[in-house]
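Open your viewer and keep the selection panel handy. We will take a short walk from strands to helices, one selection at a time.

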Amino acid sequence: MANYAIGDIQGCFDEYSLLLNKIKFDSKKDFIWLTGDLINRGPASLSVLKHVFDNRKAIKTVLGNHDLHFLAVHYGVRKLNKFDTLSDLLNFQDIDELAKWLTKQPLVREIKIGKKEFIMVHAGFPKSATKKSLTEVNRKIRKAIKNNPKKTLKMIFDHNRKAPKLLKDKKSLKDWVDWLTRVRAVDENEVMDLRFKGKKSELKDNFKAWFSYDLKIMKKHRSVLFGHWAALEGKTNIERIHALDTGCVWNKKLTAMRLEDGRKFSVNKIN
Ligand SMILES: [Mn+2]
């Protein structure tokens, strides 16, 4: 029995299958934890989502920005853009069931392996975040999506308007969704540069990687797992903060980390 965290699959079903073979995944004994962005940009979003759904007792995910974008298109509050590869999914006869299941997935997960504890998100969180605040925010976002998926998804993707309703920590639910599913570069005042997608070495003057700050959440037995930032190529150079998106959809590789011992397994993108 083992637990594996796997980075962004983005519709790369063949590489995902190869990786599961490589780690000899057994859905009766093992657990897989996905960093989100299961779909989009790659060729086989439907196959990935079906596999995860069919194995949902053993395979768990957090939501990423592409998963939320798909839901927004499905619920009719966003349009497809020219780089999207979501048609197989949107045209699938049982898509309602898959979409409904996806709306129930969290944005933050806590994984316990013996004495070790892992916090998993798709993109990141503010340096001031605590386990308590992340749990609370995760609960609020899930509740909002469940109660009114259309309205909530519309609010999440309304990038021009500052969402008015602020939570106790002065961030709105939209701010929090941006932190959890989109953040990379952040300045000292917790302002995000959401356009930045480059390497750490390309960050502008006042901006640092969100995980380069002294994160309040970090404790001795606690680690962080995230995806989303392919340009990091799996490296943060910070102990117990693990970047798992190794850019499979960008012709690099798909990576799994065994949580019991930290060993990494990768497969290259098949061309
Ligand atoms: Mn992403």
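The stops below go through sheets, a core and a helix pair.

Before you click, note that this is a predicted model, in which local features need pLDDT of at least 70 and side-chain atom pairs count only at pLDDT 80 or more, while totals for chains, interfaces and linings use all residues. Residues are numbered from 1 along each chain as its sequence is written.

**Stop 1: the open sheet**

Helices (H or I, at least four residues) and strands (E, at least two) are DSSP runs, numbered from the N terminus, and two strands pair if DSSP finds at least two bridges between them. The 4 strands form an open sheet with the order 4-5-9-10 and mixed pairing. Strand 4 (108–113) and strand 10 (241–243) are at the edges with a single partner strand each, so one side of each has no neighbour in the sheet. From one strand to the next, the twist averages 20°.

Now zoom in on strand 5 (residues 116–121) and strand 9 (residues 222–226), which run parallel and are joined by 4 bridges. Here Glu 117 is opposite Arg 222 of strand 9.

**Stop 2: strands 1, 11 and 12**

Next, select strand 1 (residues 3–6) with strand 11 (residues 253–258): they run antiparallel, with 3 bridges between them. Look for Tyr 4, opposite Arg 258 in strand 11. Lys 253 has Asn 268 of strand 12 as its bridge partner. The hairpin of strands 11 and 12 has 5 residues between the strands, and Gly 262 there takes a positive phi near 80°.

**Stop 3: the core**

A nonpolar core is a set of buried Ala, Val, Leu, Ile, Met, Phe, Trp, Tyr and Cys residues joined through C-beta atoms within 7 Å; buried means that 20 or more other C-beta atoms lie within 10 Å of a residue's own, with C-beta atoms placed from the backbone. The largest such core has 72 residues, and those with the most contacts inside it include Val 121 and Leu 180. Helix 8 (residues 173–181) gives the most to this core, with 5 residues.

**Stop 4: two helices**

Finally, show helix 6 (residues 131–147) beside helix 8: they pack at an angle of about 110°, with their axes 11 Å apart. Helix 6 and helix 8 are therefore roughly perpendicular to each other (the word covers 65 to 115 degrees).

Key: Axes are lines fitted to C-alpha atoms, for helices over the stretch in contact, and angles run from 0 to 180 degrees between N-to-C directions. A residue is buried if 20 or more other C-beta atoms lie within 10 Å of its own, exposed if 12 or fewer, and partly exposed in between; C-beta atoms are placed from the backbone. Angles under 35 degrees count as roughly parallel, over 145 as roughly antiparallel, 65 to 115 as roughly perpendicular and the rest as oblique.
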